[in-house]
Amino acid sequence: MTTINQYVFGLHAVDALLNKQPERVIRLCVYEERDDKKLHALMSLAKKLGIPVCPASRKELDNMIQDANHQGVIAFCRESRVYAESDLKHLLQHLTVPPFLLLLDGVQDPHNLGACFRSADAAGVHAIIAPKDKAVGITPVVSKVASGAAETLPFVQVTNLARTMEQLKESGIWLYGADAEAKQTLYQTKLTGAIGIVLGAEGSGMRRLTRELCDVLLKIPMQGSVSSLNVSVATGIFLFEAVRQRGV
């Protein structure tokens, strides 16, 4: 497992960090003039945990992070947990139910990745797998949009996504890829058991080899004039159809 220094901002993201991984937090910076119950609750929790709370003006907070809605709180952290290929087998071995995975091939927009985290966490996904290169990792924006999911859901960054897909298939996990040109829809397919849902980058979709390594290609039936959906929207549709079928 590798580590990345970072900061986390926003009420929900910081709350999740303090509750799930308090050992990571170095200090909180909070807006000194904001009278907010949620913010006061975070400050109280931080103090109970022995974490320094530093008051700051709005300008000071705005200067710490550019063009982002910090909601009056920024947590400066030691490290972010990012799992490697070698950790994936260990994660899967400790599951007591069939694996339910999300594979993202080259998603580069942090807002999209954060939204995918949020949907995946809500759907009960066990891990998100993504390539290290030409794809966004866990950033402060990802953590903010994910509303705490980035602090609880394992994120596995792999050097070779195709190799990882082959290993997953060898272990009995079926891979279902989202492809607008597929012949069958996700509503015509059984999405139970050990599965991985595979989606591609914004606009371009999955790379050729990623598409070829999927066991089945599926599409979302589109009724209007729009030809495609945002990757995070498509992720939510695929994941929750699987949830419906799995009887969760």
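Helices (H or I, at least four residues) and strands (E, at least two) are DSSP runs, numbered from the N terminus. This is a predicted model, in which local features need pLDDT of at least 70 and side-chain atom pairs count only at pLDDT 80 or more, while totals for chains, interfaces and linings use all residues. Residues are numbered from 1 along each chain as its sequence is written, and side-chain values use heavy atoms, with hydrogens and water left out.

**View 1. The whole protein, to get your bearings.** The protein has 9 helices and 11 strands. Its radius of gyration is 19 Å, close to the 18 Å that the globule rule gives for 248 residues, so the protein is as compact as a globular protein of that length. Here the radius is taken over C-alpha atoms, and the rule is 2.2 Å times the number of residues to the power 0.38. The C-alpha trace spans about 55 × 45 × 35 Å along its principal axes. Of the 248 residues, 48% count as buried; buried means under 20% relative accessible area, exposed over 50%, and partly exposed in between (1.4 Å probe, protein chains only).

**View 2. Two loop residues with positive phi.** Take a look at glutamine 71, in the loop between α3 (58-64) and β4 (73-82). Its phi is positive, about 60°, although glutamine 71 is not a glycine. Most residues other than glycine have a negative phi. Glutamine 71 is partly exposed, at 23% relative accessibility. Lysine 134 has a positive phi too, near 55°, and sits in the loop between β6 (127-131) and α6 (140-146). Lysine 134 is exposed, with a relative accessible area of 71%.

View 3. The whole structure holds 6 salt bridges, each being a side-chain nitrogen of Lys or Arg within 4 Å of a carboxyl oxygen of Asp or Glu. One of them joins aspartate 105 and arginine 207 (2.7 Å, N to O). Aspartate 105 belongs to strand β5 (residues 100-105), and arginine 207 to the loop between β10 (195-200) and α8 (208-213), 102 residues apart. Aspartate 105 is buried, at 2% relative accessibility, whereas arginine 207 is partly exposed at 48%.

View 4. Arginine 211 meets aspartate 179 in a salt bridge (2.6 Å, N to O). Arginine 211 is in helix α8 and aspartate 179 in the loop between β8 (174-178) and β9 (184-185), so the pair ties together parts that are 32 residues apart in sequence. Arginine 211 is partly exposed at 29%, and aspartate 179 is buried at 11%. Arginine 208 and glutamate 212 also form a salt bridge, with their closest N and O atoms 3.1 Å apart. These two are 4 residues apart in helix α8, a separation of about one helical turn.

**View 5. A buried aspartate without a salt bridge.** Aspartate 87 lies in helix α4 (residues 85-93). Aspartate 87 is buried, yet has no salt bridge; lysine 132, the nearest side chain of opposite charge, is 9.1 Å away. For this comparison, Lys and Arg count as positive and Asp and Glu as negative, with His and the chain ends not counted. A polar atom of the aspartate 87 side chain lies 2.8 Å from the backbone nitrogen of alanine 84.

Terms used: Polar contact = N/O pair within 3.5 Å; in protein donor to acceptor, adjacent residues only side chain to side chain.
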